[in-house]
Amino acid sequence: MLLDPVPTFLLRESIDLLLPYVTRMVNASLAQGRLPPSERHAIVTPLLKKPGLDVSDMSSYRPLSNLSFMSKVVKRAETAQLNDYLLINNLIPRYQSAYRKKHSTETALLRVWSDTLNAADTRQVTLLGLLGLSSEFDCVDQDLLLQRLEHGFGLADVVLRWINSFLSDRTQQVAYAGELSTTRPLLFGVPQSSVLGPLLYILYTAELEQVVTRHGMRLHQYADDSQLYIHVTVSDTAVAVQCLAACVSEVNHWMRASRLRINPAKTEVCGWVLTSN
């Protein structure tokens, strides 16, 4: 409501009258490769992740960003077109289950578990590394993202200009206890609360699969959570441990080069020994 003087429900009730104007605004933004500055401003409200957490600890809060209605409409149109392009050209990372139709945490779990059961059928054990990141969406290097979109996914011209406009000169204010903070620029990151931000994050980290496969390991991701695993015979478990350690080391190096950071508190390693019937 702070960014939209007209309530969204009123716009929806009058959509038959307003649709031609909304369509022109969306098409103009996409054709010009520009998102107006007013559509790049957010009002952030800190919400407790769950009742009972320490209210004086900033990590207890989840930021909820309020964006203007028109910015959401334009971003949905851009995301739909970008998704179509990626799907037609088979460019979406194959083993990423987040923010995709017919993919979920369930499909990520099923793939890893199915591979583990198949390994057990051939009397192999599985070594699994679970990696989590810290503030991953907020740490994305925007210049590096644009380079990867251009060279890795073939985006150029007006499309790349629009995404650059979407990322550049973003600002936000924090709303708390009925007060608004001063406006602050956002120099890094992609907006997690938007429909486009998560897709851009997936493309930003797409190279990770190449890093993992170089070590003979498999990868499956759900957003910033990565599962690295390898199947070996019992006699080769020591080799598998060395392989996992080398893989995690290179992944950590790649993360640092990408301005991302592995969170030790969200990272663990486990081994599975299953008896196949």
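This is a predicted model: local features need pLDDT of at least 70, side-chain atom pairs count only at pLDDT 80 or more; totals for chains, interfaces and linings use all residues.
**View 1. Crossing of helix α2 and helix α3.** Helix α2 covers residues 15–32 and helix α3 covers residues 69–88. Their axes cross at roughly 60° and come within 10 Å. The crossing in which α2 passes α3 is right-handed.

**View 2. Residues between α2 and α3.** From α2, the contact takes in Val22, Met25, Val26, Ser29 and Leu30. On the α3 side these meet Met70, Val73, Val74, Ala77, Glu78 and Gln81. By class, the residues of this contact are eight nonpolar, two polar and one charged.

**View 3. Packing of helix α5 and helix α6.** Helix α5 (residues 142–153) packs with helix α6 (residues 157–167) at an angle of about 165°. The axes of the two helices lie 11 Å apart. Angles over 145 degrees count as roughly antiparallel, and α5 and α6 are therefore roughly antiparallel to each other. The crossing of α5 and α6 is right-handed.

**View 4. Residues between α5 and α6.** Helix α5 contributes Gln142, Leu145, Leu146, Leu149 and Glu150 to the contact. Their partners in α6 are Leu160, Ile163, Asn164 and Leu167. Six residues of the contact of α5 with α6 are nonpolar, two are polar and one is charged.

Conventions
Residues are numbered from 1 along each chain as its sequence is written. Side-chain values use heavy atoms; hydrogens and water are left out. Axes are lines fitted to C-alpha atoms, for helices over the stretch in contact, and angles run from 0 to 180 degrees between N-to-C directions. Helices (H or I, at least four residues) and strands (E, at least two) are DSSP runs, numbered from the N terminus. A crossing is left-handed if the near helix is turned anticlockwise from the far one by less than a right angle, and right-handed if clockwise. Contact means heavy atoms within 4.5 Å. Ala, Val, Leu, Ile, Met, Phe, Trp, Tyr, Cys and Pro count as nonpolar, Asp, Glu, Lys and Arg as charged, and the others, Gly among them, as polar. Angles under 35 degrees count as roughly parallel, over 145 as roughly antiparallel, 65 to 115 as roughly perpendicular and the rest as oblique.
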